[in-house]
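Here is a quick tour of one model, going helix by helix. Have a look at it first, then read on.

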Amino acid sequence: MEFLTALLVAYVAIVPVELPDKTFVATLVLSTRYRPLPTWLGVVAAFGVQCAIAVAFGTLLTKLPTRPVQLVAALLFATGAFVLARGARRADAQEKEQEAEFEAKAVEPKRGWRAAVASFAVLFTAEWGDLSQLLLAGLVASGRPMLPTFLGGWLGLATVSGLAVLLGRWLLKRVRLAVIRYVGAGVCAVLAVVTLLSAL
């Protein structure tokens, strides 16, 4: 039961945070340049490495005294809530800027494994220090088990990138990114409060 709970918490934390983020936009742009399947496979592989590093960092933090680590994790979640809520009003404008940025990186059409490698490289370099990494590290540091947290985060990112490949343009036309960002901010705020209460 704890395994499933930790997996679901990570999944629910990651999806609304990354849906309006550059992860979604980058995958959408790449899938218009390259074939969808190798694009998605390359992106998901990059996310796997990123999630593993984030969870490993969170595990290292658990070696430190518990209460300070939980307080830092709560601060990370609160920071995530603030960043998402603050950027919500500019979400649509940022989406256009990010789309132009990733279009410039994916100029040459590629196929097969070359498209997968190119997609891996673009996402791997774009996502360092991203909010999703901080959230996963914070979840593990606050006491959640490593493996289900990794799997939940990775599945969340795979879901977001899959939505970008399959329904990206349709979603951008019908769903306001600002609303999704406010939902993500709410999830981060709840995690901050829960982690703070368990520390105190």
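UniProt, in an unreviewed entry, lists residues 39-62, 69-88, 151-172 and 179-199 under "transmembrane region"; the positions follow the numbering used here, feature names are shortened, and such annotations may be inferred rather than shown by experiment. This is a predicted model, where local features need pLDDT of at least 70, side-chain atom pairs count only at pLDDT 80 or more, and totals for chains, interfaces and linings use all residues. Residues are numbered from 1 along each chain as its sequence is written, and side-chain values use heavy atoms, with hydrogens and water left out.

Take the span 39-62: 96% of this stretch is helix and 0% strand, and its end C-alpha atoms sit 35 Å apart. Helices (H or I, at least four residues) and strands (E, at least two) are DSSP runs, numbered from the N terminus.

Now for helix H7, residues 131-141. Since 10 of its 11 residues are buried, H7 is largely enclosed by the rest of the structure. Buried here is under 20% relative accessible area, exposed is over 50%, and partly exposed is in between (1.4 Å probe, protein chains only). Leu-131, Gln-133, Gly-138 and Val-140 are among the buried ones. After H7 comes Gly-143, with a positive phi near 115°.

What does H7 do with helix H3 (residues 36-61)? Their axes come within 7 Å and cross at roughly 35°; axes are lines fitted to C-alpha atoms, for helices over the stretch in contact, with angles running from 0 to 180 degrees between N-to-C directions. On the H3 side, the contact (heavy atoms within 4.5 Å) includes Gln-50, Ala-54 and Phe-57, and on the H7 side it includes Gln-133, Leu-136 and Val-140.

| Residue | Helix | Relative accessible area | Contacts beyond four places in sequence |
|---|---|---|---|
| Ser-119 | H6 (residues 112-126) | 0% | Leu-30, Tyr-34, Thr-39, Gly-42, Val-43 |
| Ala-158 | H8 (residues 146-174) | 14% | Trp-40, Val-44 |

Ala-158 also pairs up across the chain: Phe-47 is 111 residues away in sequence, yet the two C-alpha atoms are 7.7 Å apart.

Finally, helix H1 (residues 2-18). Buried residues of H1 include Ala-6, Leu-7, Pro-16 and Glu-18.
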